[in-house]
Amino acid sequence: MSGQTTVLVTGGAGYIGAHAVLALGEAGYQAVVIDDLSTGRREAVPADVPFVHGNVGDPACLADVISQHGIRTVMHFAGSIVVPESVQAPLDYYRNNTLNSHTLIEACVRAGVERFIFSSTAAVYGIPDVLPIDEQSPTAPINPYGRSKLMTEWMLRDAAAAYGLRFIALRYFNVAGADPKGRAGQCSKAATHLIKIACEAAVGRREEIMLFGDDYPTRDGTCIRDYVHVSDLADAHIAALRHLERGGESNIFNCGYGHGYSVREVLDTVERFAGKPLSVKVVGRRAGDPPELIAVQKRIVSELGWSPRHDNLDTIVSSALAWERKLAGVTV
Ligand SMILES: NC(=O)c1ccc[n+]([C@@H]2O[C@H](COP(=O)([O-])OP(=O)(O)OC[C@H]3O[C@@H](n4cnc5c(N)ncnc54)[C@H](O)[C@@H]3O)[C@@H](O)[C@H]2O)c1
Ligand SMILES: O=c1ccn([C@@H]2O[C@H](COP(=O)(O)OP(=O)(O)O[C@H]3O[C@H](CO)[C@H](O)[C@H](O)[C@H]3O)[C@@H](O)[C@H]2O)c(=O)[nH]1
């Protein structure tokens, strides 16, 4: 029975993990969060969810939490996520994303954890030759962030073959938006994601937005991305959990909607909801940006029964803007 299951959520005080904790509660699961609060916030975890201030690289802490809460399922969100930072400090990224994931997987195997759901990324595909991207596309990450996450997928695949741990890796495309009920959202101190940055500009927290390149071979010259609402992503984790509980096999799934929007289309949508123009400065291309990233999402829909509820740019942008207004204390 799902009501009996306690899920260990690493990184549950962060943006996506906090939404997964809400989704777990709504689906009748108990969550326990472990987070070192390096980028997360203690307030993001509901008061009735046990919270451990710890590092997933600490095997003793993990062993305690797993045994104390009888953990059989882990959702692993904890990690470092800023691509340019991973280029500047690659060894930090390999430590936090790869070595610490190794420690966590090892602790899980030792303790007999049965199910593991991992936050992977479309960054494992690098700059794809063929669009849209299905899960069989070659993995060729172009930065340390993508490589650090791909190595964790490999560790999971090999651990599953050797020890019987079953896993799902979800390769997220561009995650955005906020909980429609306003309970959670993105709180990065130094935002890098387009929709977050545009919403910060809309509430007056930044003066202008740099648009990185308008000379791409796309419909309006700006990059196209498959933006997925964070609450749909949280639901994908519940679908993955149920699949593993039914005895389903380990697998890797893309998590996107299968269509995309250009940077200009996103900015136009933010302006429409903000009710005012944004100051946008077109600058040169950002290194490593592929012109277009769109998922083939057939596998997750057919095998996990994922059924997104917020596949709409207006919903994504309006929820992100509502959250940004809440953070800024703006009432509209
Ligand atoms: N945000 C995106 O667009 C995106 C896209 C693809 C994949 N992902 C993956 O999703 C996961 C969550 O990303 P997010 O956007 O919520 O980021 P986030 O920074 O908001 O959340 C990460 C959380 O992990 C915690 N953490 C980091 N290292 C830790 C450690 N060693 N031990 C314990 N806690 C630790 C942080 O304090 C934070 O609460 C990451 O693994 C990321 O690689 C994110
Ligand atoms: O201030 C900004 C920020 C972004 N962009 C543009 O907006 C698009 C989206 O950029 P984001 O930084 O929001 O997202 P990315 O596509 O670079 O990357 C995201 O999606 C990837 C997978 O697709 C990885 O998961 C990665 O972790 C996650 O940050 C890109 O064309 C980027 O150049 C701007 O023009 N100005």
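The following legends describe close-up views of a predicted model. Residues are numbered from 1 along each chain as its sequence is written, chains are lettered from A and ligands numbered from 1 in the order in which they are written. In this predicted model, local features need pLDDT of at least 70 and side-chain atom pairs count only at pLDDT 80 or more, while totals for chains, interfaces and linings use all residues.

Figure 1. Helices (H or I, at least four residues) and strands (E, at least two) are DSSP runs, numbered from the N terminus.

**Figure 2. The largest nonpolar core.** This core has 99 residues, and those with the most contacts inside it are Val9, Val33, Ile195 and Ala198. Helix H7 (residues 230–245) gives the most to the core, with nine residues. Domain 1 and domain 2 each contribute at least three residues to this core. A nonpolar core is a set of buried Ala, Val, Leu, Ile, Met, Phe, Trp, Tyr and Cys residues joined through C-beta atoms within 7 Å. A residue is buried if 20 or more other C-beta atoms lie within 10 Å of its own, exposed if 12 or fewer, and partly exposed in between, with C-beta atoms placed from the backbone. In soluble globular proteins, nonpolar side chains tend to be buried together. Not counting residues up to four places away in sequence, isoleucine 195 touches Ala176, Tyr227, Val266, Ile316, Val317 and Ala320.

Figure 3. Of the 29 residues around ligand 1, Gly11, Gly14, Gly40, Ala78 and Gly79 come nearest. A residue is near a molecule if its C-beta atom, placed from the backbone, lies within 6 Å of it. At least two residues of the shell come from each of helix H1 (15–26), strand S2 (30–35), helix H4 (90–111), strand S5 (115–121) and strand S7 (174–176). H1 gives the most, with three residues.

Figure 4. Thr121, Ala122, Leu194, Phe212 and Cys223 come nearest among the 22 residues around ligand 2. H6 and S8 are the elements that give two or more residues to this shell. The largest share, four residues, comes from S8.

**Figure 5. Helix H8.** The buried residues of H8 are Val263, Val266, Leu267 and Val270. Seen down the axis of H8, these residues fall within an arc of 95°, so they line one face of the helix; the arc is that of the directions from the helix axis to the C-beta atoms. Their cover includes helix H6 (194–202), strand S8 (209–212), strand S12 (261–262), strand S13 (280–283) and helix H10 (313–328). Just after H8, glycine 275 takes a positive phi of about 75°.

**Figure 6. Helix H10.** The end C-alpha atoms of H10 are 22 Å apart, in agreement with the 22 Å that its 16 residues should span at 1.5 Å a residue. The expected span is 1.5 Å times one less than the number of residues of the helix. Among the buried residues of H10 are Leu313, Ile316, Val317 and Trp323. The buried residues of H10 pack against S7, H6, S10, S12 and H8. Glycine 329 follows H10 with a positive phi, near 70°.

**Figure 7. Valine 113 and its contacts.** Valine 113 lies in the loop between H4 and S5. Valine 113 is buried, with 21 other C-beta atoms within 10 Å. Valine 113 and isoleucine 71 are 42 residues apart in sequence and 6.5 Å apart in space, C-alpha to C-alpha. Leaving aside neighbours within four places in sequence, valine 113 is in contact with Ile66, Ile71, Arg72, Val74, Cys108 and Leu165.

Figure 8. Most residues other than glycine have a negative phi, and most peptide bonds are trans. Leucine 37 has a positive phi of about 60° although it is not a glycine. Leucine 37 is found in the loop between S2 and strand S3 (51–53) and is partly exposed, with 13 other C-beta atoms within 10 Å. The peptide bond from leucine 131 to proline 132 is cis, with omega near -15°. Proline 132 is found in the loop between S5 and helix H5 (144–163).

Definitions and conventions
Contact = placed C-beta atoms within 7 Å. Domains from an automatic or database assignment.
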